[in-house]
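Thank you all for making time this morning. I would like to walk you through one structure, beginning with a pocket and then turning to the core and a few loops.

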Amino acid sequence: LNIFAEKAYNDSGDALASDTYGTGGYYLTEASKGTSYTFMKNEDYWQTDPQYIFDWRNNYRADKFTMKVITDTSAIAMALQKGEIDFSMDVAAADYGNFVENGEAKDGYSLVNGVDHAMVRVDFNCGENSPCQDENLRKAIAYAIDSDACAYTIHGDFGHQVLEAVNPKLKDADESLYRDDYYLYDPAKAKELLDKTSYSGQTLKILVAPNKNIAPMATLVQQYLAAIGINVELMQYEFAQFKPLKWETTGKEWDIELQGLSSSDLYSYQTLEELGPRDGISGENLLYITDPELEKLFLATTKEETYGLEATRALLDYNYDHCFMYGMYYGDRLAFFKDYIYGVITEPNGGSAQFVTAYCVR
């Protein structure tokens, strides 16, 4: 929804097509699609009374900044080293060693370490059209994956294995929910469970979310499953192709999903929404399960009068018993800066998730 001042709209002469108006502190001055975008400070910012500028995000200190679009993570690290960019929150774990040693920033760099609600999880197609309708097969897959090793592969020393299906930093979750026996890596137990299933070598389809914290780890999961005799095919697509497959209703397109959850999630029901009814009211969920008890437990985490640690625990207990989904890992939210950046702060965004703003000397 766009809201315009009627007088400005009428007086513009071309319905604001060439001279647009906005309420932000910056305006776009240069754009090279898919490459870079340059913004200038709006010297005519509408709010000038200091008593109402109470949010750090409304303190526009930089006169000009350029956002560069770099899709190759190794190129991000190289650009930071060369000084082509001043900071990034998207450096890959494989490149951390260029900037960090023993958890501390190397000379020439600064590091901000914040909390991130994002995490990675395995979701199972539990419907009648998938071999993963077999509970023992789902549990065998969970035991076959070394999620601790996966966490290190993606996040290095800043990765954390989760021992439940949620990030413990959520508002209605913490590490008291963790289980000492949460499907810990055990290939022997995985094979034992696999022998109890009707699995006969068919290829399982793994839908891989297009996410930098997931895709590089997909082949590792494939190798873990191959080691116990489960054949899998990785389905890796851009988001435009991925999303329709994730939401399709037949349950015939995928068997396992490597799922990346959002850093914007604050509550367990947001992270665990696949356990809730597809239409938000009742019936089958996104894992192709129709289970009134599961639905009741999920909805309890969404209601103001019942949500909280106990409701989250009850839902997670039920999920653990049936292994509809399997939590793997999350990583700290890191921002790497050139050391001429000063005034670096982290601020909470809704909950405990922290995001970064920085002010540059030049």
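Which residues lie nearest the centre of the second largest pocket, and how many residues line that pocket? Before I answer, please keep in mind that this is a predicted model, in which local features need pLDDT of at least 70 and side-chain atom pairs count only at pLDDT 80 or more, while totals for chains, interfaces and linings use all residues. Residues are numbered from 1 along each chain as its sequence is written, and side-chain values use heavy atoms, with hydrogens and water left out.

The second largest pocket is lined by 30 residues, and Ile154, His155, Asn211, Lys212 and Asn213 lie nearest its centre. A pocket here is an open set of points on a 1 Å grid over the protein atoms alone, where a 1.4 Å probe fits, with protein on both sides within 12 Å along at least five of seven lines, and lining residues have an atom within 4 Å of a point. The volume of this second largest pocket is about 570 Å³, a volume being the space filled by probe spheres set on the points. At least two lining residues come from each of α4 (147-155), β13 and β14 (333-338), where helices (H or I, at least four residues) and strands (E, at least two) are DSSP runs numbered from the N terminus. The lining divides into 17 nonpolar, 8 polar and 5 charged residues.

The largest nonpolar core has 67 residues, of which Ile141, Ile145, Met217, Leu225, Ile230 and Met328 touch the most other members. Such a core is a set of buried Ala, Val, Leu, Ile, Met, Phe, Trp, Tyr and Cys residues joined through side-chain atoms within 4.5 Å, and buried means under 20% relative accessible area, exposed over 50%, and partly exposed in between, with a 1.4 Å probe and protein chains only. Apart from this core lies another, of 14 residues, among them Ile85, Val91, Phe158 and Leu334.

Finally, the loops. Tyr183, in the loop between β9 (159-161) and α5 (187-194), has a phi near 40°, which is positive although the residue is not glycine. Most residues other than glycine have a negative phi. Cys323, in the loop between α10 (309-322) and β13 (325-331), likewise has a positive phi, near 55°. Tyr183 counts as buried at 3% relative accessibility, and Cys323 is buried at 0%, whereas Val115 is partly exposed at 24%.

Definitions and conventions:
Nonpolar A, V, L, I, M, F, W, Y, C, P; charged D, E, K, R; others polar.
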